[in-house]
Amino acid sequence: MSLKYAVLAALLEGEASGYELSKVFDVSLANFWPATPQQLYRELERLERDGLIKARVVQQERRPNKRMFTLTEAGREDLRAFAVEPPRRPAALRDEFMIKIQAMDGTDPERIRALIEERMSWARARLGRYQRVRERLLDGRTEDEYLREGDRIGPYLTLLGGIAFEEENLRWCERALTVLRQRAPLG
């Protein structure tokens, strides 16, 4: 899958500038499809050229003008067709950290523990961000109320996936640290 569909899906929320989209990616999509601002701006140009989005210029005083993007009907139709296609291949985890863990035997266990603790810190931070987004989406409603009454549940379901992923990261890190403590030489 390309960044194309992640951008189109983000625009389902409504008109947004490139800057606003980069913030959406940081908060809502980063758990499953990260992108840099440079990648986003290149993709927005492509999507506009292909007629899947349109842009309008907003004049601003004391700031550069900004471009606001919206989906076209062709973009909506392309996204609808994409949404019901089966994925081309199952998801695969590519994680440099896991290669380090795979190769850890014979290295300094304290440095490995530090890497795992750093991963835990990152997971806790992302989990905290995701929980704040969840509270904002729920806006005082119960989860059942939101899922029954909300206009769009896709963003909430992907957010739940990100929460589950980070919770599992924390569980794995705790287990790995326990194993390392148990293997520590007695003495």
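Me: In which loop is Arg-62 found?

Reply: This is a predicted model, in which local features need pLDDT of at least 70 and side-chain atom pairs count only at pLDDT 80 or more, while totals for chains, interfaces and linings use all residues. Residues are numbered from 1 along each chain as its sequence is written, and side-chain values use heavy atoms, with hydrogens and water left out. Helices (H or I, at least four residues) and strands (E, at least two) are DSSP runs numbered from the N terminus. On that numbering, Arg-62 is found in the loop between β2 (53-58) and β3 (66-71).

Me: What is the phi of Arg-62, which is not a glycine?

Reply: Most residues other than glycine have a negative phi. Arg-62 is not a glycine, yet its phi is positive, at about 65 degrees.

Me: Is Arg-62 buried or exposed?

Reply: Buried means under 20% relative accessible area, exposed over 50%, and partly exposed in between, with a 1.4 Å probe and protein chains only. The relative accessible area of Arg-62 is 86%, so this residue is exposed.

Me: Asp-139 is a residue other than glycine; what is its phi?

Reply: Asp-139 lies in the loop between α6 and α7 (143-149). At 60% relative accessibility it counts as exposed. Its phi is positive, near 50 degrees.

Me: At what angle do helix α1 and helix α4 pack?

Reply: Two packed helices are described by the angle between their axes and the distance between the axes. Axes here are lines fitted to C-alpha atoms, for helices over the stretch in contact, and angles run from 0 to 180 degrees between N-to-C directions. For α1 (residues 3-10) and α4 (residues 73-84), the axes are 10 Å apart and the angle is about 115 degrees.

Me: How far apart are the C-alpha atoms of Phe-25 and Ala-6?

Reply: Phe-25 lies in helix α2 (residues 18-29) and is buried, with a relative accessible area of 1%. Phe-25 and Ala-6 are 19 residues apart along the chain, and their C-alpha atoms are separated by 8.8 Å.

Me: Which residues does Ser-17 touch, not counting residues up to four places away in sequence?

Reply: Ser-17 is in strand β1 (residues 16-17). Its relative accessible area is 5%, so it is buried. Beyond four places in sequence, Ser-17 touches Lys-66, Arg-67, Met-68 and Phe-69.

Me: Which element gives the most to the lining of the second largest pocket?

Reply: A pocket, on a 1 Å grid over the protein atoms alone, is an open set of points where a 1.4 Å probe fits, with protein on both sides within 12 Å along at least five of seven lines; lining residues have an atom within 4 Å of a point. The second largest pocket is lined by 15 residues, with Met-104, Asp-105, Pro-109, Leu-180 and Arg-183 nearest its centre. The elements giving two or more residues to this lining are α6 (109-138) and α8 (154-183). With 5 residues, the most is given by α8.

Me: Which residues does Arg-113 touch, not counting residues up to four places away in sequence?

Reply: Arg-113 lies in helix α6. It counts as buried because its relative accessibility is 12%. Outside its sequence neighbours up to four places away, Arg-113 touches Leu-177, Leu-180, Arg-181 and Ala-184.

How values were computed. Contact means heavy atoms within 4.5 Å.
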